[in-house]
Amino acid sequence: LLTSDGHVAGATGFNVRTGQFYVFEAKNTVLSTGACSFKGQYHGQDMVSGEGNDMALRVGAEFTNMEFANTYNATAKDFDICGMSRFQCLGGRFTNALGETFMHKYDPVQGEGAMLHILVRAMTQEVRAGRGPISFDLRGMSEEDKDLSRRMLPMFFEACASKGVDPFSEPVEWIPGFMGSTSCGAGLTLKSFSCDTTIPGLFAAGDMANQGLVMGAIAGPGGINLGWALVTGWKAGEGAAEACEGQAQLPVDEAQLAALKEKTFAKFGHKGHMSVGDAIYRIQSLTIPAKYNIIRSEASLREALAGLDEVERDIEANVAVRDMHELMLYHELHGMLATARLTFTSALQRKESRGSHYREDYTETDGEHWNVWLKSSFKDGNIVVEAEPIPLEKFERYGLDVLPR
């Protein structure tokens with residue numbers, strides 16, 4: 001992002017095929033770059049790498065509730081696919097290695113229809129207890145529902161056929177599918193219904209914008225976050241346009257522009273023994289495993305943060321960047337590193353369990369001390385997290401409880 005006197009004045013970028021450098025001057029800028037799933041296993045997440053988080057963090061923007069940027073869905077082990085919620089509603093059952101159903105132990109009310117963060121935690125606990133792997137069993141569905149499912153979700157059944165699997169005659173091995181900050185309650189702090197952020201001239205929409213009041217600490221894709229994307233896209237665009245009225249275009253700082261261009265291409269042609277793919281895998285190894293984002297502890301969070309520091313040092317010293325495509329992937333690494341640090345630093349601060357944030361060293365929800373939103377920003381070279389009391393009046397206005405009864 002370009003800045004002028006603390007105001008965002010546009011952005012820069014480069015063509016990933018030709019290397020041409022671009023400068024986009026703007027009176028106001030909307031970040032709608034999507035989330036960071038660390039290129040995880042779930043359907044459609046293999047290019048979601050958090051560049052917007054890195055851009056906003058570097059200019060001092062504030063984030064809210066990044067500890068909840070740990071969305072998991074659940075998916076087949078051998079291929080990424082969507083459609084599980086339909087099968088859950090029509091008789092699909094999760095079973096452990098003993099053939100036992102287990103979800104009613106973890107959610108006696110919803111059972112197989114439990115929210116995603118409860119489902120993946122239950123899967124993790126079953127595996128930890130030696131009852132893994134987990135399977136998804138669709139054999140109890142009616143013939144009518146099976147026929148309708150084949151027509152509605154052809155890609156699922158094509159994927160099954162490619163692996164020689166008939167999901168209606170045998171259980172399919174199932175795993176948590178990591179989605180990171182996709183469809184979660186975390187993101188850039190919004191100051192108003194215009195979707196303006198804490199940095200003048202910067203607006204946010206979709207997964208870039210905090211959804212605290214809408215989704216709280218409950219994560220997962222679906223109608224709520226799609227609605228959030230539609231409404232914030234409209235409001236951010238409208239708010240940014242209205243704020244342009246009577247506003248002059250700020251001058252571009254040529255020294256800043258030169259520094260950004262130099263930084264953009266600094267790694268191009270860098271020789272090293274680490275491929276960008278290896279670097280991605282090392283970051284994934286510090287974010288996707290259950291101990292970092294499903295069942296956390298102070299020890300695991302500090303381990304992850306230390307590991308990220310080591311990986312970044314290795315990337316800067318040893319990554320090979322041979323062409324413009326690899327240069328793009330190199331910059332995406334920084335989006336993943338920034339998002340992971342925001343997530344884990346905030347998760348360390350919240351010493352309780354709430355929604356998708358579960359700590360085995362603080363297993364209870366503590367409303368007496370932790371009815372707060374955690375605000376994260378980059379100051380003096382470090383991510384700083386500060387607590388702000390939840391604005392209860394916002395919930396009371398809609399008849400909502402901060403802690404459901």
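Which residues do ring pairs link into a cluster? The close-up views below, taken from a predicted model, start with that one.

**View 1. A cluster of Phe rings.** Phe79, Phe87, Phe156, Phe157 and Phe168 belong to this cluster. Ring pairs link them. Across the whole structure, a search finds 14 aromatic pairs.

**View 2. The aromatic pair of Phe102 and Tyr106.** A pair of aromatic rings is described by the distance of the centres and the angle of the planes. For Phe102 and Tyr106, the centres are 6.3 Å apart. Is Phe102 buried or exposed? Phe102 is buried, because its relative accessible area is 1%, under the 20% limit. Tyr106 is partly exposed, with a relative accessible area of 26%.

**View 3. The largest nonpolar core.** This core holds 41 residues. Ile283, Ile315, Leu333 and Phe344 have the most contacts inside it. Which of them gives the most? It is α13, with 11 residues.

**View 4. The surroundings of Phe344.** Phe344 is one of the core residues with the most contacts inside the core. Leaving aside residues up to four places away in sequence, Phe344 touches Leu286, Thr287, Tyr292 and Asn293, and also Leu301, Ala304, Leu305 and Leu308.

**View 5. Lys235 over a ring.** The ring belongs to Trp234. Lys235 lies over its face, at 5.0 Å from the ring centre.

Technical notes: Residues numbered from 1 in each chain as written. Predicted model: local features only at pLDDT ≥ 70, side-chain atom pairs only at ≥ 80, totals over all residues. Heavy atoms only, no water. Core = buried A, V, L, I, M, F, W, Y, C linked by side-chain atoms within 4.5 Å. Buried < 20%, exposed > 50% of the residue type's maximum accessible area, 1.4 Å probe, protein only. Helix = DSSP H or I, 4+ residues; strand = E, 2+ residues; numbered from the N terminus. Contact = heavy atoms within 4.5 Å. Phe/Tyr/Trp six-rings, centres within 6.5 Å; stacked < 30°, edge-to-face > 60°. Lys NZ or Arg CZ within 6 Å of the ring centre and 35° of its normal.
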